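Thanks for coming. Please have the viewer open, and I will go through the points one by one.

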Amino acid sequence: MAFQYCGSLFKLISQLPKHQQTSHSSSALLFKTPPMTPPTPTYFQQAMSSTTDDPAAASTSPAPKPKRTPLLRLELRDLSQPGTHSFLKHLSASNAIEDAVSGVLYWLYKDLPTHCIPPTRSVTLILRPMGGVAYTTGKDFDDDHKEIHFSTDYINGIAEGRKKEEMLGVIRHEMVHCWQWNAQGSAPGGLIEGIADWVRLKSGFVPPHWKQESDGDWDAGYQHTGYFLEYLEKTFGEGSVRKINDGLRGQKYKDGELWEELFGKKVDKLWADYGSHLGKEKAEEEAKRVEEEGKKKDEATSNSQGSEQNPQKMTHLGGNIHYPRRGLP
Ligand SMILES: [Zn+2]
């Protein structure tokens, strides 16, 4: 699958080569949030663009703040990579990383007490040539220090017109892994990935290939689970996904308890309800499409026949029998 940008963060950590778990570089560029903001290097000031189209940024509710302001860092391993050039050309690095943090905290911790936010102390975005898209890991000596590894090869391969949004979307997804709970490592990987893509969805960075689907398992992950979570958010009210994330804090995952406590049903039943909801929605869309096509055909017939149209005439459209409307606006 083209957009498997990361597996379960928490499982990945132990699988990574040692040098990927503990990378340090003297070329690291530091970005610290106010009041100690260092001057922005000149080359980051080119083609700056804001991400104010982000719903979280546009919201009147301020993003929750963690107990300790995290150190945000950027590390460019190879400035000669075209992907590195694209990153610098399309994004304001400091804005992109800070917006990702505040956007994630907004969607996962809005209206929750500060102690509900994980004690992440630093996030380092590392751009480097590698296979895949991106992954997030913690340093082996302290998991509160996170690293997001983002492939410059992948960035280089994104169509020019989508580069900015796709890079922001990937960063937003990975930033979720820096701040979400995982039931002490026991949560299903697909739920972890689903929450990450749900935040990406809510942040407005939806890639064109994403679609809602209800086949397979609820915890297949990524947008497959992300859209299911959005269905729960719409059905059970705003804040439902925040409650799921908070239910993964400080305790092991219990499939039989979490969903019933929050929504009064087992997750399999919720998934089945989601399937029925999607089926109904698709049927309504199809009926609407057929009606629209019928109207267009009526107008075309009316234009060619004037007032002599036979009201009993029936037209077949996509297997449905449509009765032309006369006298309607
Ligand atoms: Zn992920």
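Asp111 counts as exposed because it has 10 C-beta neighbours inside 10 Å. The cut-offs are these: a residue is buried if 20 or more other C-beta atoms lie within 10 Å of its own, exposed if 12 or fewer, and partly exposed in between, with C-beta atoms placed from the backbone. Asp111 sits in the loop between H5 and strand S3 (122-128). Helices (H or I, at least four residues) and strands (E, at least two) are DSSP runs, numbered from the N terminus. Phi of Asp111 is near 70°, which is positive, and the residue is not glycine. Most residues other than glycine have a negative phi.

Before I go on, this is a predicted model: local features need pLDDT of at least 70, side-chain atom pairs count only at pLDDT 80 or more, and totals for chains, interfaces and linings use all residues. Residues are numbered from 1 along each chain as its sequence is written.

A positive phi also turns up at Gln184, near 55°, again in a residue other than glycine. Where is Gln184 placed? Its place is the loop between H7 and helix H8 (189-202). Gln184 has 13 other C-beta atoms within 10 Å, so it is partly exposed.

Now the chain as a whole. The protein chain has 12 helices and seven strands. It has 329 residues, of which 32% count as buried. Taking contacts with a separation of 6 or more, 75% are between residues 24 or more positions apart. Two residues are in contact if their C-beta atoms, placed from the backbone, lie within 7 Å.

Next, the core. The largest nonpolar core has 57 residues, and those with the most contacts inside it include Val104, Ile171 and Met175. Such a core is a set of buried Ala, Val, Leu, Ile, Met, Phe, Trp, Tyr and Cys residues joined through C-beta atoms within 7 Å. Helix H5 (residues 93-109) gives the most to this core, with 11 residues. Setting aside neighbours within four places in sequence, Met175 touches Ala100, Val101, Val104 and Ile148 as contacts.

On to a pair of helices. How do helix H4 and helix H7 cross? The axes of H4 (residues 82-90) and H7 (residues 163-179) come within 10 Å and cross at roughly 95°. Axes here are lines fitted to C-alpha atoms, for helices over the stretch in contact, and angles run from 0 to 180 degrees between N-to-C directions. H4 and H7 are therefore roughly perpendicular to each other, a term for angles of 65 to 115 degrees. On the H4 side the contact is made by Ser86, Phe87 and His90, and on the H7 side by Lys163, Lys164 and Met167. By class, that gives two nonpolar, two polar and two charged residues. Nonpolar covers Ala, Val, Leu, Ile, Met, Phe, Trp, Tyr, Cys and Pro, charged covers Asp, Glu, Lys and Arg, and the others, Gly among them, are polar.

Glu165 also lies in helix H7. Glu165 and His90 are 75 residues apart in sequence, and their C-alpha atoms are 9.3 Å apart in space.

Last, the strands. Strand S4 (residues 134-139) and strand S5 (residues 142-151) run antiparallel and are joined by six bridges; two strands pair if DSSP finds at least two bridges between them. S4 and S5 form a hairpin, with two residues between them. Within the pairing, Gly138 stands opposite Lys146 in S5.

Definitions and conventions
Angles under 35 degrees count as roughly parallel, over 145 as roughly antiparallel, 65 to 115 as roughly perpendicular and the rest as oblique.
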